[in-house]
Amino acid sequence: MVSWLEELDRREGAARDRITELRGQIAEVTGQPAEQEAVVSRLEITRETMTEILSGYGPITGADGETEPEGEAGALEEPAAQADRFEAGSPVGVRLVPLWTDQLGVEALPDAYADIVEVLADTVHPMRAHQLCSVLGLSTDKSKVEGFRLKLKRLSGRDWIAEVAPGPFASRDTAPPGRGNDSVVSPRAGEREGSRAWRRGGRNHSMPRKESPMEDYEHAAMADPFANAVSFFTQLICDLSGPAALVLPHQDVEETAAARGRELARLPLQAHLDLRARHEEAELTALDPYARAALAGGRTRLERGHHRELATSVATVRVTRCVLRSPGQANCYPADTALGLPHERHSLGVRKLAVLEAVRGSYDTAMEAITRCCGKVVGERQVEHLVQAEAVDVAAFHAARIPTPQSADVLLVLSVDGKGIIMRPGHLREATRKAAERAKRTFRTRLAVGEKAGRKRMATLAAVHDADPAVRRPHDIIATPGGRSTARIPHPGPKAQAKWLTGSVEHDPEHVIAAAFDQAQARDPQHRRSWVVLVDVARHQLDLIQAEAERRGVNIHIVLDLVHVVEKLWAASRCFHAPADPAAEDWIADKAAHVLRGCGRQAADEIRADRLGRRWSAARARRAGHPQSEPSQQHLHLAGASRPCAVSDHNGPGMPWAKER
């Protein structure tokens, strides 16, 4: 038993501890106002200093981060002159390039500085000032490069970029060479148990089945439609966890799981259909003849047990349903309407899979892909019929869709392209058919150079969609020389919305282009939005598009596909680089960036000048007795293939503006 003295000592000690705790809290609360007053004082001093600097009467921060003396910057200039100087441009290092912090992004920088930071973030290797000037489309004159170098020094001094050595600059996030992902993931505690669990899941499909008391569940299936599915799944678990399955290699276990997994997916689907059949039979049996007549248009006679097969994406199942009949009328199957069943054998899932596989190749390959995925549920001729049936309502589908009206700042984009399709001789256009009849084959067993195996007919495709403007710069589209790093994610391109499609191999291109303009006219009847037309380099399409735009009195922006321009640059690069020269890729990236900046004529002039310089060098070498190999003449005309174009902030993914009407 505790004495009263010990109890007093205990209570006294607890009271003293509480006093000490309260004094500590009082001291903490008392010190907080002092700390906040110090913060307010520092903010006031900062406000006064920044106001003094930005107004033009204080010390100015120079390009090297040092403060210019008052005798040079402040005392020698009148206040009015200083104000004019700062009104024309912000003090360097204060308003233009703030000190980098985690809370600041490139949006805090002007465009010229932001471009530098983003380009260096894209590059894998450090770059020098003249290389950055070339990538950014700036002049590479020595005087201009030195001025540009001051910007790099300014960014480096404020921690936006890093100067890895005297001269080259890199992104501040660039890792040192040789540094990789050296993190090691330790094994999880449950990994060993998971391995044993996997070994319990193996069984060869060809191994003898294990005798089990769960073989016959026919009587239970009468009460529960899902009993067969549960029985099969339980049997599969027993087989995969048995002693014989624990010694099988993984490929045998994988084959067993794949083969029996399809049946495991079919059984629940079959059970669900059987359960719905029971509910339908009970509901229709409970209705009186008048209710049945109201449900089925006068049909009152109920018959049970009608069956049909349905080929699904898991396997073929059997659908049981009731029928309502009446003399002189067709049968009515309420379950077909409730389930949304097609009139034919194949489900909508199989139809969708047939279309997806048919557009990738032939009908044979489509049937093989469907058989591998679903089993033998469809034949080759059936695949053809399914694809044809799904294609008949494309025009009706788009006609039924009404796009949402958009504001004037949303782009209205039209895209036109052509695709050659090999046709039978009887379905060729007249001129193509006559050319095919006049053609004579040189060899019996193979084609000679320039000969074609079949004649094509051009199908014209068109699309119309809405798109919000996506502001991007050339280095977001074309990687800088040396490749793109993962330190920065390029700005995304525009996303198509409310897309409308059309195409025809029967009608001429004029008909398809007119249909695309009709759709665009319906979306913007007052011509308040910007119309953008994306095409390749086909001159015939360009002429048709321009004629249609003039007929409708609408201003359009024609966008040339950059992919075709890059292919021309690849062809032109053969004049200056060997076919396997990695430098050709950097050369093409530089010229393509010029084209995206609207300097296509300048890029073409540089290619011609470089070509002439190489020819003069080769001629001088021949005169000196040192002949040099000269690139093939067949690529000379490609140097002038680039057309002058101007880049817009609305450009699509990789597409420069080419011409405006």
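Is Phe-576 buried or exposed? Phe-576 is buried, at 8% relative accessible area, where buried means under 20%, exposed over 50% and partly exposed in between (1.4 Å probe, protein chains only).

1. A word on the basis. This is a predicted model, in which local features need pLDDT of at least 70 and side-chain atom pairs count only at pLDDT 80 or more, while totals for chains, interfaces and linings use all residues. Residues are numbered from 1 along each chain as its sequence is written, and side-chain values use heavy atoms, leaving out hydrogens and water.

2. The whole structure holds 2 aromatic pairs (Phe, Tyr or Trp rings, the six-membered one for Trp, with centres within 6.5 Å; planes under 30 degrees apart are stacked, over 60 edge-to-face, the rest tilted). Phe-517 and Trp-531 form a tilted pair, with centres 6.1 Å apart and planes at 40 degrees. This pair joins helix H19 to strand S8 across 14 residues (helices, H or I, at least four residues, and strands, E, at least two, are DSSP runs numbered from the N terminus). Phe-517 is buried at 1%, as is Trp-531 at 0%.

3. Phe-576 and Trp-587 are also tilted, with centres 5.3 Å apart and planes at 45 degrees. Phe-576 lies in the loop between helices H21 and H22, and Trp-587 in helix H22, so the pair ties together parts 11 residues apart in sequence. Trp-587 is buried at 12%.
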